[in-house]
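This briefing is intended for reading beside the sequence and the three-dimensional structure.

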Amino acid sequence: MCQSEALRGPELRAAKWLYFPQLALRRRLGQLSCMSKPALKLRSWPLTVLYYLLPLGALRPLSRVGWRPVSRVALYKSVPTRLLSRAWGRLNQVELPHWLRRPVYSLYIWTFGVNMKEAAVEDLHHYRNLSEFFRRKLKPQARPVCGLHSVISPSDGKILNFGQVKNCEVEQVKGVTYSLESFLGPRTPAEDLPFPPATSCGSFRSQLVTREGNELYHCVIYLAPGDYHCFHSPTDWTVSHRRHFPGSLMSVNPGMARWIKELFCHNERVVLTGDWKHGFFSLTAVGATNVGSIRIYFDRDLHTNSPRYSKGSYNDFSFVTHTNKEGIPMRKGEHLGEFNLGSTIVLIFEAPKDFNFKLKAGQKIRFGEALGSL
C-alpha cells in the first residue's frame, strides 16, 4: 500500500463518520421550514454554533440539502446582551469581603492597565464593590482642562474617527458609516425640540446647521474598560433636550464597530442636544455590553436598560420649561455623567469652516485635552 493511500484511510473513516443520510435530512429540513420564525431560529442556533465551532467542512453535507447557517452578525445580535448587562450590573453591586477586594481589583488593574495613582482614593479596600471601583473619581490635578481650545475631550479614550459630516453619513470607524438621522432620531414637530421636521437628508442637515457659513462636525471617542468612566462637558453650552433610545447593548470596541454597520444606531444611547456659541451642539453617550447603566447627573428621570422596550422607540424630555426658558447651562470640564464600565461618546456639532481638529485617528486622549479650535 502506498503512503498516499495509507493517509487517505483516516480521511475516509472521518468522512464516513460525518456522513449524513441526505434523504432523512431533507425531510427534517422540510419540517423546519414549516415552523414559525421564532421556533425555526431556536432550532437553527445549535447547528449554526456547531458550524462555526467544528473544523472546516465538518457540516458541509448540510449545505448540499439546502441548509445555510445564520450569519455571525445575526448570531451575535441574538445574544441577550441586555439581560446579561443587567445581571452584570447586579453583580457589580454585591459588596466584596474586605480580604477579597485587593486581589479582585488588582487583577482588573493588571488586565486593563488602570493607573490607580490618578485615583482620588488609591486604597483598594475603600471600594466596597466593583461598581464603586469602576466609577472612581480622579485627583483634581490629574486632568487639567485646556483653556486655549474651544472644544476639549469629554473623557479618556481612543479617537475612532472625526471630521466633517458629509451626505448625512457619519463614520463610526474608517470605511463603516451610520446614518445621522437614524442616530439622532426623527424630527418631531414640537416647540421644545431643537430641530423641527425635515423631509430629506439635505433638509435634515440644514436644520442642524443654523448659521450661514458653518459646517457640521463629528468626533467619536471609545472608552476602554480600563479608562476613567466619567464624562464631562466638552465646551461651554446649554443642554435643552434629551432623547433616550432603548436598544441593544452590543460591544462597541473598534473591532466590533468595523464588523457591524450602524452599530451605534442599534445600541441604547442618550442624546443630549442644545446650543453653543457657534450653533447646534450634541453629545451622545452610547451604551455597550455590561454598560446598560448610563447616568446623567442633572437628569433624575433617566432610566436606562429597562427590562422591556419597543424596538425603534425613544423617549423625549425637554429641559426648557416655563420657569427655565434656556435649559441646563454647562461649563467646559464640568461633570456631566458616567458609564459603568466603558463605552463610546459621540460629539456632533456645527462650527465655522475654519474649525480644525487637533487629533489623529487612533490616538489615545484624556479628558481635558484639546479636540479642536478655530
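Leaving aside residues up to four places away in sequence, D156 touches R143, I221, Y222, L223, D227, Y228, I365, R366 and F367. The model is predicted.

**The annotated positions**

- D156 is located in the loop that runs between β1 and β2 (157-164).
- Because its relative accessibility is 5%, under the 20% limit for buried residues, D156 counts as buried.
- One of the residues touched by D156 is R143, and the side chains of D156 and R143 are joined by a polar contact of 2.6 Å.
- S343 belongs to the loop between β13 (335-338) and β14 (344-352).
- S343 has a relative accessible area of 0% and is therefore buried.

**Strand β8 and its partners**

- Of the 8 residues in strand β8 (residues 269-276), 7 are buried, so the strand is largely enclosed by the rest of the structure.
- On one pairing, β8 is joined to strand β7 (residues 237-245) in the antiparallel sense over 8 bridges, and H241 stands opposite T273 in β8.
- β8 also runs antiparallel to strand β9 (residues 279-286), to which 8 bridges join it.
- W276 stands opposite G279 in β9, and β8 and β9 form a hairpin with 2 residues between them.

- E268 is found in the loop between α12 (263-266) and β8.
- The relative accessible area of E268 is 0%, so E268 is buried.
- The side chain of E268 makes a polar contact of 2.6 Å with the side chain of H244.

**The three-stranded open sheet**

- An open sheet is formed by 3 strands in the order β1-β17-β15, with antiparallel pairing.
- β1 (151-152) and β15 (356-357) stand at the edges of this sheet; each has a single partner strand, so one side of each is left without a neighbour in the sheet.
- The pairing of β15 with strand β17 (residues 370-373) is antiparallel and comprises 2 bridges.
- Within that pairing, N356 stands opposite S373 in β17.

Terms used
Residues are numbered from 1 along each chain as its sequence is written. This is a predicted model: local features need pLDDT of at least 70, side-chain atom pairs count only at pLDDT 80 or more; totals for chains, interfaces and linings use all residues. Side-chain values use heavy atoms; hydrogens and water are left out. Buried means under 20% relative accessible area, exposed over 50%, partly exposed in between (1.4 Å probe, protein chains only). Helices (H or I, at least four residues) and strands (E, at least two) are DSSP runs, numbered from the N terminus. Two strands pair if DSSP finds at least two bridges between them. A polar contact is a pair of N or O atoms within 3.5 Å; within protein, one must be able to donate a hydrogen and the other to accept it, and residues adjacent in sequence count only if both atoms are side-chain atoms. Contact means heavy atoms within 4.5 Å.
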